[in-house]
Amino acid sequence: MIELTAPAGALTAAGRASVQRDLAALLLKWEGAPDNEFFRSVAWTYLHELPAGAQTTAEDDAPRFRVDVRVPVGALSDRRKAGLVQEATALVLAAAGLGEAEAVRVWVLIHEQPEGTWGAGGQIVKFAELKALAQGAK
């Protein structure tokens, strides 16, 4: 699950149209999940656009972006986390029409969900089950 929070109007029209699916594909890539119908269907993304004036810093009102990623504990190694952060930052900058010099405006927060605290379809989903499903689908 991945969520992008951005001020309304901060994304380009093309970026707004593609950023959610692009972020979902990026997450699947770094999780090592297969690119198939099932895993694409459970790679949910949300875009939260904040109204004017709802985001600022003590310094200025330039748009900032927060990417919240939720994965099971153990789904991402340190190398995969670093790759996800780097590529998600570049993707959001591109979607906003900003260059690399503005990278500090994008923060990526990875939230690791402890085993037994992730539920879907009315039942607890175990990471080992998802991993086995992914390995069987490759």
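Is Glu3 buried or exposed? At 17% relative accessibility, Glu3 counts as buried (under 20% relative accessible area; exposed is over 50%, partly exposed in between, with a 1.4 Å probe and protein chains only). This is a predicted model, in which local features need pLDDT of at least 70 and side-chain atom pairs pLDDT 80 or more, while totals for chains, interfaces and linings use all residues. Residues are numbered from 1 along each chain as its sequence is written, and side-chain values use heavy atoms, without hydrogens and water.

**View 1. Glu3 and its partner Arg70.** These two form a salt bridge (a side-chain nitrogen of Lys or Arg within 4 Å of a carboxyl oxygen of Asp or Glu), with the closest N and O atoms 3.0 Å apart. The pair joins strand S3 to strand S1 across 67 residues; strands are DSSP runs of E, at least two residues, and helices runs of H or I, at least four, numbered from the N terminus. Arg70 is partly exposed at 27%.

**View 2. Asp68 with Arg66.** Here the closest N and O atoms lie 2.6 Å apart. Asp68 is buried at 6%, whereas Arg66 is partly exposed at 38%.

**View 3. The largest nonpolar core.** Such a core is a set of buried Ala, Val, Leu, Ile, Met, Phe, Trp, Tyr and Cys residues joined through side-chain atoms within 4.5 Å. Among its 26 residues, Leu4, Leu11, Phe65, Val67 and Val69 touch the most other members. Helix H3 (78-96) is one of the elements that supply at least two residues, and H3 gives the most, with seven.
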